[in-house]
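Subject: Structure for you to look at

Dear colleague,

Here is the structure I said I would pass on. My notes on it follow below.

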Amino acid sequence: MKKVTFQFLCSSALLLPLAMTSCRQSKFLVATPKLDVDPLIAHIDSTIRPQDDFFQFANGKWFKQNPIPASEPSNGIFQIIEDTVNAQVLHICKLAATETNPEGSNKQKIGDFYFSGMDSITRNQKGTSDLKEYLNQIDNIKDKDEVFGESAFVNSVSNSTFFNFGVAQDDKNSSKYQVYITQGGLTMPDRNYYTDTDTKAEEIRNKFVCHVEKVFAIMGYDEKEAVSLASKLMELETDMARLSRKREDTRDPFANYNKMSVDSLKRLTPHINWNLYMKGIGLQQVDSVVVGQPEYLAGLDKLVNQMSLADLKSYMKFRFFEGLDTYLDDRTYDESFDFYNKTLRGVTEQRPRWKRVVSLVNGYLGDLIGQVYVDEYLPKGTKDKLIEIGNAIRNEFAERIKNLDWMSDVTKEKALAKLNAVMMKMCSPDKWKDLSALNIDRSSYVRNAMNANKWFNAYNIHKYGKPVDRTEWDMEPQTYNAYYNPSNNEIVIPGCNIIVPGFEKKMADDAILYAIIGGTIGHEITHGFDDQGCQYDAQGNLKNWWTKEDKTKFDEQTKKIVNQFDNYFVSDSLHINGSLTQGENIADLGGIIMAYEAFKKTPQFKQNEIIDGLNPSQRFFLGYAMEWMVNMRPEALMTQVKSNEHAPAKWRVLAPLSNMPEFYQTFGVKQGDKMWRSDKDRVKIW
Ligand SMILES: [Zn+2]
């Protein structure tokens with residue numbers, strides 16, 4: 001199912017199994033010196049010492065000149081690139097909406113989906129009436145067995161309820177698809193929003209309950225009923241949160257892989273009717289499933305048994321409605337905006353309608369839009385340049401592995417075999433998804449969204465029992481992000497990563513390209529060797545290939561990076577979660593080191609070419625800081641730290657550079673400077 005995720009997080013929201021991690025980043029070809037304004041210079045805040053806070057030094061002036069717009073949770077490189085891509089996608093949507101296109105064609109779908117979103121008169125006239133029959137359907141449930149047949153429907157057209165369910169490659173046999181069931185069904189971003197005891201968390205919980213009351217009121221309940229339903233919903237979700245594993249505890253792929261027969265699943269959860277659920281979701285003849293967190297399902301089963309049918313129904317109604325609230329009338333959207341954007345991200349103004357619509361249409365029809373985007377908007381040669389840098393990074397990685405002082409030859413051989421097998425998907429897919437069976441028309445935005453959710457759900461479920469398709473992409477070429485998928489041992493780098501702000505009309509020099517694109521490619525490859533990825537072999541199977549001693553040494557190094565991040569505070573009382581973010585942090589460190597090594601082989605570095613007064617290494621590190629030029633509102637920062645496995649941008653610059661002697665040399669970092677770390681504290685993994 002397609003989910004619209006918070007931007008800037010660079011997290012690929014995959015369905016179920018653990019590890020697919022995504023990340024992000026940027027633009028292009030060989031050096032052309034002397035821009036009118038070199039962004040690297042233009043962004044520098046010279047009142048800050050680079051040795052103390054390189055992030056602020058490199059980006060501070062841009063932040064001062066570009067305050068966060070009222071409609072955004074943050075401002076920076078992601079917004080700049082998103083604006084560029086959005087304007088292009090808008091053009092594609094508008095053109096499709098004004099042309100006469102054959103019924104069922106890609107352009108008809110794009111144009112009509114966009115039109116239905118922009119048609120606020122129809123949307124406001126309809127209000128929430130398009131959902132009425134489905135809410136009635138939930139009301140008509142007669143017993144708790146039926147709850148799970150209906151829950152499958154809600155999952156397929158809107159939102160997960162009670163748990164996540166889907167099909168993905170089997171972690172232990174990547175050539176086979178498997179059914180996965182994991183903890184899920186919470187409305188706030190993470191379990192800790194329900195369990196944290198600080199006053200800020202309490203304040204958010206109070207606002208959440210008010211929000212739920214208002215949503216029930218919009219659904220047609222009177223005030224008293226809405227208050228009572230909201231309080232019961234909060235009770236249920238809090239119980240579910242308490243049963244859930246902490247996000248960092250879901251990182252261990254072995255501990256979150258519990259394969260069992262369907263009979264065992266039924267014994268574990270006697271009050272959940274799996275026959276009706278599977279039938280509802282479109283699955284037949286399933287013999288086994290992988291359960292992520294069995295104790296969660298067992299606890300959920302008890303909850304289901306204790307709760308009244310009426311309370312289960314109102315939870316499902318809320319989840320169904322909430323999953324579609326951005327496609328309804330303005331009144332409903334205003335309420336959704338108030339909690340999810342204002343409270344959780346500090347945003348005070350709504351984005352213009354076209355931006356919201358374009359991003360949602362692109363979220364669903366990205367494969368159709370991508371086909372036009374690649375032809376019309378990507379610079380020629382994008383794919384070749386990405387492949388060239390990708391190969392350079394892979395070669396560096398191989399050299400690094402061969403020279404590691406902590407790894408034995410036996411493990412090195414296996415690591416090199418895995419590295420060699422990494423599949424590099426660059427720019428755009430060779431084949432596009434076939435969405436011809438998806439119905440889209442101009443009559444109802446929310447029905448279009450439900451149809452699209454249903455299509456994506458069926459696409460996912462129908463993989464079961466079929467041969468694994470390793471050519472698939474989970475991002476579009478116009479997505480400014482990237483990912484590593486351990487089951488395929490592959491990296492996926494969409495074409496728009498080639499864009500570098502400030503270099504729209506000219507090529508950036510290799511220092512910037514290697515820092516940004518090289519850093520991203522290195523980051524993704526390193527995910528194959530982070531705390532999770534290192535547990536999968538070259539064929540993408542969860543299987544140990546390490547000697548015991550080497551794994552122990554690796555774990556010691558990763559403990560150091562966990563410790564490094566646990567000691568970064570984003571506010572007085574909130575520090576970064578080192579365990580949760582370790583995979584990303586290991587990948588950042590590996591990425592920037594490989595990128596620098598690869599850059600050292602370019603003519604620009606070897607000839608010590610000075611551009612705009614900056615030497616190659618200075619440009620490289622400033623380029624890297626520009627990759628993470630992101631200024632965030634405190635609310636958005638808090639939400640990210642509490643619910644995301646990526647550390648905030650600032651620390652993605654400060655932390656890896658604090659571990660790199662080459663950075664110390666380039667900017668003269670000495671003991672006593674804030675970015676200085678003693679030799680024994682510096683982390684070196686790959
Ligand atoms: Zn990543």
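Helices α7 and α12 are roughly parallel to each other, a label used for angles under 35 degrees, while angles over 145 count as roughly antiparallel, 65 to 115 as roughly perpendicular and the rest as oblique. The axes of α7 (residues 144-157) and α12 (residues 274-281) cross at roughly 30° and come within 7 Å. Axes here are lines fitted to C-alpha atoms, for helices over the stretch in contact, with angles from 0 to 180 degrees between N-to-C directions. Helices (H or I, at least four residues) and strands (E, at least two) are DSSP runs, numbered from the N terminus.

This is a predicted model, in which local features need pLDDT of at least 70 and side-chain atom pairs count only at pLDDT 80 or more, while totals for chains, interfaces and linings use all residues. Residues are numbered from 1 along each chain as its sequence is written, and side-chain values use heavy atoms, with hydrogens and water left out.

Which residues of α7 meet α12? On the α7 side they are Asp-145, Glu-146, Phe-148, Gly-149, Ser-151, Ala-152, Asn-155 and Ser-156, and on the α12 side Leu-276, Tyr-277, Gly-280 and Ile-281; contact means heavy atoms within 4.5 Å. These residues divide into five nonpolar, five polar and two charged. Ala, Val, Leu, Ile, Met, Phe, Trp, Tyr, Cys and Pro count as nonpolar, Asp, Glu, Lys and Arg as charged, and the others, Gly among them, as polar.

Helix α12 also lies across β3, β4 and β6, running at about 65° to β3. Those strands belong to an open, four-stranded sheet of mixed pairing, ordered β3-β4-β6-β5. β3 (163-170) and β5 (258-261) are at the edges with a single partner strand each, so one side of each has no neighbour in the sheet. On average, neighbouring strands of the sheet are turned by 35° against each other, direction ignored. Within the sheet, β4 (residues 173-183) and β6 (residues 288-291) pair in the parallel sense over two bridges; strands pair if DSSP finds at least two bridges between them. Tyr-180 stands opposite Val-290 in β6.

- α15 (residues 330-345) and α25 (residues 634-643) have axes that come within 6 Å and cross at roughly 95°, which makes α15 roughly perpendicular to α25. Thr-343, Leu-344 and Arg-345 in α15 meet Glu-635, Ala-636 and Thr-639 in α25. That contact has two nonpolar, two polar and two charged residues.
- α17 (residues 382-403) and α18 (residues 409-421) have axes within 10 Å that cross at roughly 175°, so the two are roughly antiparallel. Among the contact residues are Phe-397 and Ile-401 of α17 and Leu-416 and Leu-419 of α18. The contact divides into seven nonpolar, two polar and three charged residues.

On confidence, the chain has a mean pLDDT of 93, and 95% of its residues reach 70 or more; pLDDT is the predictor's confidence in each residue, from 0 to 100. Residues 1-22 have pLDDT below 50, and pLDDT also stays under 50 over residues 24-34.

Regards
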